[in-house]
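Colleague: I would like to learn how to read strands, sheets and helices in a model like this one. Could we go through a few features together, with the general idea before each case?

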Amino acid sequence: MIPERILNWINGEEVPAESGEWLEKYDPHTGDLQSHAARSREVDISAAVEAGKRAQPAWADTPPVQRGLILHRIVRLMQDYQQDIGDIVAAETGKGPTAGYGETGGAIQCGLFYASEGQRLYGKTTTSGVENKYAMTVRMPVGVAGLIIAANTPIANVAWKVFPALICGNAAVLKAAEDTPATAWMFGKIAKEAGLPNGVLNIVQGYGPEAGQPLVEHPDVDIISFTGSTSVGKLVQRLAADRLAKVSLELGGKNPLVVCDDADLDNAARWVLLSAFSNAGQRCAAGSRIIIFVSVYDEFVEMLIERSRQLRMGNTDNDDLGPVINERQLENMLEAVKIAKGEGARILYGGERATQPDLASGYYMQPTLMDNVEPKAEISCTELFGPIAILYRVAGFDEALALANDSPYGLTSCIHTRSIHRAMRFTEKVYTGVAVVNAATYGSEPHMPFGGTRSSGNGSREPGTEALDVYSELKDIYINTLPEHL
Ligand code: NAD
């Protein structure tokens, strides 16, 4: 299913990197070499941007309803190929096949939503202060969109950016995540089969500094939408600032989940473990700071430890969590845990690389729970992007809310309580882009705007109709009629 050599899609053609170089992609479950992808550099990025620039005017002239019909064809083919796409996602990330299939279903849902936006793309008509003058707004495309994505939910990440960018009449250059090259390649193959005009979507493979950065710096890229770490996001913002290119940043999180003394503890424990450990904790919306009322702390922590013991690691549908995406990520986590331990953290569960014979060569981090960590400690303030959660004790609601908000990030949050007042107060006062009651810190839907405050983003929201604001410019139109010619 995964080609041994994964090429770029430029102007509707599969092409290798100009230099003939390849990057190596490893299977996170086994640690074995899985594929090679084109190791693109500036020259390849320029070719992709030029193809986009050439194709964009005709695409922008294609009526939005027609654009939507072409996107619908992509969606229909994604449905036909859902199993294949899901299998590629699973193989590249190490998640189970059903999880890969389900993620593809989410990407399809996202595509359906935006394909249908071709029949809306609403502007507004309004009043004028002047006689015989009419005022309205319309959306116009921005131009060429540079799209850079992370590997954690690879087909969803592709869909989240490509569909809104294209329905708005932009051409796009997608820089695939280096850890999931085949997923992006497969999407390119489907787009070609669906009849998307050549050059409207170009997909380049490669490493961030070599392929992503030239895309950000390219003078003909008018909008950059980036999903990834806060540190690279800040660099993207700085580089794009020079030419005032539009930038949308979807960055990391260190998301709090509060467990009150009146919570349904059984339900809360279930969602804490899913928030912290599902997808091996590789979600921007993962719950990594678990804030627990002191009166239920010991009982709840026991429940978490007991249930963590029952979690299975592996890449099948019967497993609860898979590997992290690469060796470097695993090493970062092990180092962070080691430092925290040195500073007095108590490891309640896990904390090590998995040693089971069938997992030892993969990038498996044990699901890890720890406490005795200061809220200002490095590990409390840094996203680890893996199955590691820190537990904190608080006296009551006010302290819980203050601790939830005491973070450099502000992406998602959750509270478990039976009190409608606590739920309303929390969702009103927590300074995050998403707030959830009685479930997980993750679970955003494609028709809803997603994004965060502080270091979790730059204020933009994707997807939902709000993404249309990212991928289009508003234009005011004033029509003055000539009544004397009646
Ligand atoms: P990363 O920032 O290292 O890489 C993300 C992407 O940026 C990759 O495609 C990479 O090649 C590229 N990149 C790296 N350096 C670059 C540079 N100098 N210029 C341009 N592009 C560059 O992040 P990662 O570790 O691969 O992904 C995990 C991060 O993504 C986490 O922080 C996670 O929270 C975040 N994320 C956020 C969301 C969201 O919607 N907020 C969703 C998924 C993941």
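Modeller: Let us begin with a facing pair: tyrosine 134 stands opposite isoleucine 479 in strand 22. This is a predicted model, in which local features need pLDDT of at least 70, side-chain atom pairs count only at pLDDT 80 or more, and totals for chains, interfaces and linings use all residues. Residues are numbered from 1 along each chain as its sequence is written, and side-chain values use heavy atoms, with hydrogens and water left out.

Colleague: How many bridges join strand 7 to strand 22?

Modeller: Strands (E, at least two residues) and helices (H or I, at least four) are DSSP runs, numbered from the N terminus, and two strands pair if DSSP finds at least two bridges between them. Here 9 bridges join strand 7 to strand 22 (residues 472–480), and the two run antiparallel. Strand 7 (residues 133–141) is also joined by 3 bridges to strand 6 (residues 124–126), again antiparallel, and threonine 125 has methionine 136 as its bridge partner in strand 7. The hairpin of strand 6 and strand 7 has 6 residues between the strands, and there asparagine 132 takes a positive phi near 60 degrees.

Colleague: What is the strand order in the open sheet of 3 strands?

Modeller: In a regular strand the side chains alternate between the two faces of the sheet. The order in this sheet is 1-5-4, with mixed pairing. Strand 1 (5–6) and strand 4 (22–26) are at the edges with a single partner strand each, so one side of each has no neighbour in the sheet. Strand 4 is joined to strand 5 (residues 33–38) by 5 bridges, running antiparallel, and tryptophan 22 has alanine 38 of strand 5 as its bridge partner.

Colleague: Where does helix 1 bend?

Modeller: An α-helix has 3.6 residues a turn, so residues three or four places apart point the same way. Helix 1 (residues 42–61) has 20 residues and reaches 29 Å from its first C-alpha to its last, close to the 28 Å expected at 1.5 Å a residue, where the expected span is 1.5 Å times one less than the number of residues. Helix 1 bends by about 35 degrees at alanine 55, and proline 57 follows within four residues; the bend at a residue is the angle between axes fitted to the seven residues ending there and the seven starting there.

Colleague: Which residues of helix 1 are buried?

Modeller: Buried means under 20% relative accessible area, exposed over 50%, and partly exposed in between (1.4 Å probe, protein chains only). In helix 1 the buried residues are Asp44, Ile45, Ser46, Ala48, Val49, Ala51, Gly52, Ala55, Gln56 and Trp59.
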